[in-house]
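Colleague: I am new to this one. Could you walk me through a few features and how to read them?

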Amino acid sequence: MDYQAIFEEAISSLKEEKRYRVFANLERISGRHPFATFREGSQEREIVIWCSNDYLGMGQNEKVTGALTDTVMRMGAGAGGTRNISGTNNPLVELEEELADLHGKDSALVFTSGFVSNEAAISTIAKLLPDCLILSDQLNHASMIAGVRNSGAAKKVWRHNDLEHLEELLKAAGNDRAKLIVFESVYSMDGDIAPIEKICDLADKYNAMTYIDEVHAVGMYGPRGAGIAERDGVMDRIDIIEGTMAKAYGVLGGYIAGNKTIVDAVRSFAPGFIFTTALPPGLAAAAKASIAHLKQSSVEREGQQRQAQKAKDVLSAARLPVMPSETHIVPVLVADPDLCKKASDMLMEKHNIYIQPINYPTVPRGTERLRITPGPAHSDVLIEGLRDALVDVWQELDIPFADGTAEDAGEAAAAPAVLHHAAGG
């Protein structure tokens, strides 16, 4: 058997389908978010990142970086072991207390990533529930799907945000059977939001547990940044809340929060938690500092919402095909994998703008897109520059505009920029 040929063929198929991923070598510039240095061979140049998950720029907040460096100097770089074998450092214990308080729950448990927290928690909870039926939203993240699959439990996939379909499946299962509804609050590719309160109503009616992934919402929604469930006043109705410190909090790590017994069960039975090295103390301290800051400060959240809306308005006015979004996610439709990659490359090469193309299987075929995540540090001038660059790329590559035109869109985009700069912006 030619093992090498098998792997070469697999990679070749990805390239033929225009799904082969190329990673950009970036060096973020501390204190100048969203600017970064892009390195390619011996060449380097400054670019603007428009697709970062560091939504609020907290990865460069002085409280966060200060907590990280101070803790590393006191305690060293690594955790030194698993949680059971010398790795339970005090900053990590304090981080879990901070997270439990954030969500109004008894306990929280930190994992090395959001993927691990979803896979480990969902699979463990479902395994412990006798004859459990998992009801999973159609657009759940790959980490949630992995947790469902690895649980070995029976599953039903309900159509995305379709409450009638969810109720139909719950009713068929019966009130006596153990059931776990798993869903997200913000779906990161389309930017839409789950009807959390109504899902909780159905869970109460049919005696089901609820598990929500708030990774794209924690830090950014709610009075203290606890997510959409906090914003909507239903946090107390969710059994398990999962989140991350790697997006709006700007650090690393995933977590769950819930009542003490459920969290303790995951802690005690989940291989993905038990057999992995603990989060290092510096990262734990940095995450705690970020969470504590965003509990008190709404400036970053307000800035992000303002600039996300500004980007939607400016890009839509230029007739760029901005997909509907209820949140900070700004998807721009390309609808072709080859053109999506070419658009991304052209933005980087010609305009020094980095937006990673989003292709299948992350999104369905025919919905390939550029996923833009404006933050508080993306100024109005940067947004206008993004618009002009996108219009140029759309025209150059003959990508359809929202109304099917190209030339008119370019003219529409140019006028506001002239007015803005004439006004001294």
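Colleague: How many residues of strand β7 are buried?

Modeller: Buried means under 20% relative accessible area, exposed over 50%, and partly exposed in between, using a 1.4 Å probe and protein chains only. Strand β7 spans residues 179-184, and six of its six residues are buried. Strands (E, at least two residues) and helices (H or I, at least four) are DSSP runs, numbered from the N terminus. This is a predicted model: local features need pLDDT of at least 70, side-chain atom pairs count only at pLDDT 80 or more, and totals for chains, interfaces and linings use all residues. Residues are numbered from 1 along each chain as its sequence is written, and side-chain values use heavy atoms, with hydrogens and water left out.

Colleague: Which residues sit on each side of β7?

Modeller: Lys179, Ile181 and Phe183 are on one side, and Leu180, Val182 and Glu184 are on the other. Both faces are covered.

Colleague: Which strands does β7 pair with?

Modeller: Two strands pair if DSSP finds at least two bridges between them. Strand β5 (residues 133-137) pairs with β7 in the parallel sense, over four bridges. Strand β10 (residues 209-213) also pairs with β7 in the parallel sense, over five bridges. Look at valine 182 in β7: serine 136 stands opposite. In β10, the bridge partner of valine 182 is tyrosine 211.

Colleague: Now the backbone. What are the phi values of lysine 18 and aspartate 398?

Modeller: Most residues other than glycine have a negative phi, and most peptide bonds are trans. Lysine 18 has a positive phi of about 60°, though it is not a glycine. Find lysine 18 in the loop between α1 (3-16) and β1. At 38% relative accessibility, lysine 18 is partly exposed. Aspartate 398 has a positive phi of about 60° too, and is not a glycine either. Aspartate 398 lies in the loop between α15 and α16. Its relative accessibility is 63%, so aspartate 398 counts as exposed.

Colleague: Is proline 400 buried or exposed?

Modeller: Exposed, because its relative accessible area is 51%. Proline 400 is in the loop between α15 (380-397) and α16 (407-422). Contact means heavy atoms within 4.5 Å. Not counting residues up to four places away in sequence, proline 400 touches Pro321 and Trp394. The C-alpha atoms of proline 400 and leucine 333 are separated by 9.1 Å, and these residues are 67 residues apart along the chain.

Colleague: What lines the second largest pocket?

Modeller: On a 1 Å grid over the protein atoms alone, a pocket is an open set of points where a 1.4 Å probe fits, with protein on both sides within 12 Å along at least five of seven lines; lining residues have an atom within 4 Å of a point. The second largest pocket is lined by 16 residues. Val22, Ala24, Phe38, Asp345 and Met348 lie nearest its centre. The largest share of the lining, five residues, comes from α14.
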